[in-house]
Amino acid sequence: MIPVTYRAGFSYLLRHPWQLALAMLGVGIGVAVIVAVDLANSSASKAFMLSMEKVAGEATHQVVGGPRGIKESVYTRLRVERGIRSIAPVVSGSVEAGDTVLSLLGVDLFAEQEIRKFTSQATELASGSGTSPQNVFRAFLTEPGTVTMSERTAAELGLQVGDSFTILAAGINQPATLLGVFEGDQGTLDNILITDIGTAQEWFGQTGWLSRIDARIAAGDTHALAQFEAALPDDVRILTASGRTQATAAMSQAFMTNLTAMSLLALLVGLFLIFNSVSFSVLQRREYIATLRALGVTRRQVFATILTEAAVLGVIASALGAVLGLWLGEQLLALVSRSINDLYFRVSVTEVTVNSLSIIKGFAAGVLAAIIAAALPAADATSYEPRLTMLRSSLERRAGRSVPYVAMAGLATIVIAVAILMLSERNLVAGLAAVFLLIVGFASGVPLVVRQVSTLLAPAANAVGGTILRMAVSGIAASLSRTAVAIVALAIAVSATIGVSVMVDSFRGSVQNWLEQTLRADIYAGVQRGAMQPELIDDISRISGVVEVSTSRRTSIEDSSGRTQLIAIRMSPDGYAGTELLDGTPDEVWAAWEREAVVLVSEPYAYRNRVAPGDTITLPTSTGDRPFTVAARYQSYDINASAVLMSRTNYDRYFDDDGVDTLGLYLAEGTNADNVIKQIKAMSEGRQRLRVDSNARIRDLSLEIFDQTFVITDVLYWLATGVAFIGILGAMLALQLERAREFALLRALGMTPVQIGSMITTQTGMIGFLSGLVAIPLGLVMAWVLIKVINRRAFGWQIDMSVAPEILVSALVFAVTASVLAAIYPAWRAAQSQPAIIMREE
Amino acid sequence: MRATIFASVSLCLLTLFAVADESAQSSRLSELLTDNTEAGFKRANAAREFLFPRDHGPHEGFRNEWWYITGNLDDDAGRRFGFELTIFRFSLTPGRPQAQSDWRTNQVYIAHLAVTDVEDERFYVAERFSRGALGLAGAQTEPFRVWIDNWEIASNGEGESWRIVAADTDIAVDLALTALKKPVLNGDAGLSRKSSNIDSASYYYSITRFQTAGTVSIAGRNYRVSGLSWLDREWSTSALAADQVGWDWFALQLSSGTDVMLYNLRKSDATVDANSSGTLTFADGRSTHLRVEDFNIRVNDTWDSPAGGTYPSSWRIHIPEQGLQLDVQPVLPNQELFTTVRYWEGAVDVSGEKNGVPIAGRGYVELTGYAD
């Protein structure tokens with residue numbers, strides 16, 4: 001008995017390939033997006049971790065110091081006085097070769113054996129007269145600018161062993177020679193340049209200083225660790241290597257969580273699509289199901305048949321989706337790694353690491369979604385009375401009766417969502433869950449609203465557009481069992497559009513305002529890495545027309561609790577107004593800020609570290625850990641927004657670093673900024689490569705970067721929208737198929753094909769319009785949650801919400817356009833139908 | 001006088017830079033020395049005036065140099081130990097390179113520490129590498145000091161009291177040395193010829209006898225020890241000829257107060273190079289040079305290294321003019337150093353007779369070029 005019902009079920013689906021294909025596409029795309037995002041995220045993290053681990057080598061700990069690093073005498077002391085052997089000094093940083101950014105690893109080959117092997121490897125050496133391994137070793141140690149790199153990196157840079165090339169380090173061009181290449185271990189050592197520690201110090205202008213000391217201490221050897229700690233001066237700390245890697249990786253975590261949230265949104269839309277498809281398939285088979293029931297098939301069997309059908313559909317679609325996801329993940333990876341590179345750390349990812357967990361996750365989500373989506377219509381089907389089901393009218397009555405209940409359930413869901421939002425405090429995942437519940441809750445109320453509105457509109461429609469328009473409008477309410485799902489799916493897609501757009505737009509607006517306020521100086525000149533040459537600073541300050549100069553230094557300091565961005569500024573009198581304070585009165589705060597041991601913290605820093613004005617934070621200074629009083633919070637949308645702002649006087653007092661990386665130049669009234677920029681460029685030519693820009697240009701560049709960062713958000717949002725469009729198309733097709741007899745009757749009664757077509761198109765357009773209208777409040781709520789809850793929880797940013805009317809209008813236009821487009825094919829088919837044939841079939 | 005160890009030094013350097021060119025690593029030591037890197041360095045090719053304590057310090061114009069101390073010690077309970085502490089200095093280029101960074105240098109240091117525990121029949125070895133920069137490793141003249149990490153050989157202003165300190169995971173030595181004899185110049189007034197090539201020579205002196213006392217530590221146990229030590233100092237730019245494969249070197253301290261230094265340079269055709277020689281230093285500090293025809297060394301036994309290679313392991317040495325006949329026997333067969341380059345250097349016992357009168361002694365023997 002059961003096999004027959006199953007076979008009948010599947011043969012039904014096979015006879016409606018469009019419906020089948022759409023349902024599968026919905027699940028497939030949802031799964032693909034989940035798999036792709038997960039793969040891209042995990043590939044980026046894995047590449048980063050592998051690269052960090054590889055570079056850390058056998059090091060279990062890393063000794064770090066202040067902004068400039070550690071004095072090299074500390075290393076000598078550890079080795080010679082304390083006899084600690086398993087340590088290796090490192091001077092590292094980023095350099096550029098042409099357009100490629102590379103990590104430079106400056107090492108002492110004599111110490112490397114204890115920590116790393118790859119630094120002392122070379123599979124291919126500089127060829128030429130008189131070159132032996134000895135000569136290579138000698139050149140590496142005694143000749144400045146000699147480097148090695150992986151074969152792949154050399155190939156990418158177009159370099160042959162023995163070639164000379166130019167490296168840009170700390171803004172200065174340096175001659176380099178490729179001494180040899182090594183294998184590079186599956187890309188984990190790509191874009192890493194290895195050189196002698198002496199060369200690295202000279203290139204970075206860091207003679208006398210080390211970036212860190214790598215150390216290997218046996219697990220659990222607390223004695224060795226204690227001995228180590230005792231030997232270190234106050235401004236130097238020993239941290240675990242894994243902890244440092246994780247602290248760095250954690251910086252990108254919020255970004256990746258946001259991506260995952262977007263992928264879940266795509267699946268959510270896909271879920272409605274399945275719900276849609278299965279519902280229709282059940283509805284269309286009501287007579288068949290009733291017949292089965294009349295023949296003695298139990299409710300349970302009917303339920304099982306439909307669920308199995310959905311599960312099989314889900315498995316096939318999810319499998320296809322996973323395959324699609326692998327491909328999509330590769331495309332996404334480029335975007336993800338670019339965003340990460342722009343925002344957090346340099347990671348060289350070239351290929352997707354196929355992670356079976358990502359695929360399993362996406363697959364399971366797809367199958368589960370299919371089953372859950374089918375459960376409701378399946379339960380509905382079992383409730384059919386064998387005889388009553390035969391009657392069409394009872395169906396609409398039932399659907400009509402359930403609409404208020406669904407809306408009530410939706411309201412309850414909203415209440416739960418709000419409760420989660422309020423209780424979950426800072427948890428990002430809970431925040432995302434609440435967003436989904438809100439969407440589902442709101443969406444559940446949509447059919448009720450649509451019914452009320454279309455009922456109200458029907459008389460008006462009759463007055464305005466006559467019978468056809470009236471039929472179109474009242475048809476919406478009359479066939480809610482078929483249209484509700486389409487309405488809900490469309491409303492979700494449109495509201496997502498509104499929510500994301502308003503969020504990005506508000507964010508952009510806040511950033512723009514902030515940039516305008518912050519960039520007070522007329523011209524900014526600085527180095528991207530390292531410090532500016534002091535003589536160059538003097539020369540620039542003396543250019544005629546320059547009346548005030550502010551300086552800034554951006555560094556990071558590190559202790560066991562993680563890394564803190566530190567910005568040290570010597571303000572010009574005009575500069576204070578550029579920093580928007582969130583607490584206190586500016587006069588008092590700025591006076592306090594110049595005093596000893598007082599700092600400002602950025603808003604994200606305050607949020608993340610739960611710091612309020614008046615609190616004390618501890619920072620690792622050159623004389624050990626010291627408490628600093630937080631005078632106030634300030635607004636910042638900086639990429640590395642979590643930062644501590646310190647006066648230069650304080651910075652000089654607490655840190656052993658006289659470097660400056662950026663100058664802000666204030667020009668006298670009437671001075672031509674372009675002229676000054678030209679002078680600075682001419683002045684720095686051949687000395688140090690500076691980035692010199694007017695404040696307007698920096699503003700434009702910053703916004704450009706902002707927009708780039710949100711390209712990925714756009715991509716995912718279009719995917720979600722695509723799923724919704726397919727949803728409407730599917731709903732309309734199914735509706736048309738089901739109403740074929742009705743249309744045939746109307747044709748027989750004298751309606752022309754054009755009238756039928758326009759009636760269908762009008763009805764669909766109305767559905768789109770109503771969905772769009774309902775989606776507006778839902779979208780605004782979503783935007784609010786995204787801005788005030790998700791963004792804050794993810795990044796700590798405070799963003800002012802602003803709603804641009806054109807976003808709402810274009811969302812509405814999109815809803816109508818998508819619906820009308822989706823109606824064209826069904827309308828054409830209905831218009832083409834031969835009434836006589838269809839009626840004879842009946 | 002360890003010419004082959006010089007070759008070892010350059011090999012050690014190569015292994016730091018692990019070049020995948022197998023042939024380079026397995027090539028003959030001598031081939032490695034025939035590259036063009038000698039140009040610009042000072043040469044040991046003429047007589048020079050030795051001045052102490054100045055010459056205890058470094059001679060950076062020469063490509064390579066070493067401070068070699070070996071000794072035989074006993075603790076209060078009669079437990080016997082041997083030790084070796086050697087620090088090699090190596091100039092990568094004739095002059096110091098131009099640099100802003102203190103890390104860039106042409107000076108490289110390598111050190112070997114070995115302790116022989118005769119009673120437990122254990123032999124311990126440790127090795128250090130460093131560049132001669134930032135105080136990580138270096139050598140200075142006044143007061144004399146040469147060090148690498150926390151291993152150090154130092155002496156007082158006059159060069160009579162010395163101290164050596166070195167420690168590794170399992171072993172440590174902390175010894176005070178008092179010179180019982182003045183430095184003795186080997187070869188022709190300190191110019192020690194190594195082959196028929198005029199440039200193939202080194203400057204070579206020894207302090208053949210130090211009264212020694214201090215502590216030897218093994219696996220956390222400290223032994224208060226005393227005994228005799230021997231210092232060899234040598235610097236040069238070129239040492240081995242192309243047809244030389246290795247070296248057998250003897251430093252023997254006899255109960256009569258005489259100290260015997262002999263070396264045989266072995267050639268690839270299994271003959272002994274005519275430039276092999278030796279020095280006898282008598283109890284009163286006078287010394288006499290021994291030419292190759294003045295002594296005879298016969299191998300009585302051999303020892304097979306578990307890692308491959310067969311070393312001579314027992315000798316009869318005959319120095320007819322002195323009426324000396326000495327039997328030399330390792331205190332332990334396995335005193336092979338598994339440093340980046342493999343060689344054998346170990347404590348030995350001496351027995352024999354001088355003009356028919358029984359004589360005893362102790363010493364150190366170095367054997368290179370057998371492990372290839």
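Predicted model: local features only at pLDDT ≥ 70, side-chain atom pairs only at ≥ 80, totals over all residues.
Val547(A) counts as partly exposed because it has 14 C-beta neighbours inside 10 Å. For that label, a residue is buried if 20 or more other C-beta atoms lie within 10 Å of its own, exposed if 12 or fewer, and partly exposed in between, with C-beta atoms placed from the backbone.

Residues are numbered from 1 along each chain as its sequence is written, and chains are lettered from A and ligands numbered from 1 in the order in which they are written.

**The two chains**

Here is a side-by-side view of the chains. Helices (H or I, at least four residues) and strands (E, at least two) are DSSP runs, numbered from the N terminus. Two residues are in contact if their C-beta atoms, placed from the backbone, lie within 7 Å.

| Item | Chain A | Chain B |
|---|---|---|
| Helices and strands | 27 helices, 22 strands | three helices, 24 strands |
| Residues, and share buried | 842 residues, 48% | 372 residues, 52% |

How does the model score? Its ipTM is 0.89 and its pTM is 0.77. For single residues there is pLDDT, the predictor's confidence in each residue, from 0 to 100. Chain B has an average pLDDT of 88, and 89% of its residues score at least 70. In chain B, pLDDT stays under 50 over residues 3-9, where the model has 24 contacts beyond four places in sequence. It also stays under 50 over residues 18-36 of chain B, with 30 such contacts.

**A sheet in chain A**

Val547(A) sits in strand β15 of chain A. Leaving out residues up to four places away in sequence, Val547(A) touches Tyr666(A), Leu667(A) and Ala668(A). Phe303(A), by contrast, is 244 residues from Val547(A) in sequence and 81 Å away in space, C-alpha to C-alpha.

Strand β15 belongs to an open sheet of nine strands in chain A, with mixed pairing and the order β18-β19-β17-β20-β16-β15-β21-β14-β22. Two strands pair if DSSP finds at least two bridges between them. At the edges stand β18 (616-621) and β22 (691-694) of chain A, each with a single partner strand, so one side of each is left without a neighbour in the sheet. From one strand to the next, the twist averages 30°.

One pair in this sheet is β14 (residues 523-526) and β21 (residues 662-667) of chain A, which are antiparallel and share four bridges. Within this pair, Ile523(A) is opposite Leu665(A) of β21(A).

Helices lie against the sheet too. Helix α21 (residues 673-684) of chain A touches β14, β15 (546-559), β21 and β22 of chain A, and its direction makes about 175° with that of β22(A). Helix α18 (residues 586-593) of chain A lies across β17 (598-602), β19 (624-634) and β20 (643-647) of chain A, at about 165° to β19(A). For these angles, axes are lines fitted to C-alpha atoms, for helices over the stretch in contact, and angles run from 0 to 180 degrees between N-to-C directions.

**Hairpins in chain B**

Strands β19 (residues 296-304) and β20 (residues 310-319) of chain B run antiparallel and are joined by eight bridges. Ile297(B) faces Ile317(B) of β20(B) across the pair. Their hairpin has five residues between the strands, and Gly308(B) there takes a positive phi near 105°.

β20(B) is also joined by five bridges to β21 (residues 324-330) of chain B, again antiparallel. Here Arg316(B) has Asp327(B) in β21(B) as its bridge partner. Four residues separate β20(B) and β21(B) in this hairpin, and Gly323(B) in the turn has a positive phi of about 65°.

**Nonpolar cores**

A nonpolar core is a set of buried Ala, Val, Leu, Ile, Met, Phe, Trp, Tyr and Cys residues joined through C-beta atoms within 7 Å. Which residues touch the most other members of the largest core, which has 156 residues? They are Leu193(A), Ala525(A), Ile87(B), Ile164(B), Phe250(B), Leu262(B) and Val328(B). Strand β4 (residues 107-117) of chain B gives this core its largest share, seven residues. Another core, of 67 residues, lies apart from it and includes Val440(A) and Met766(A).
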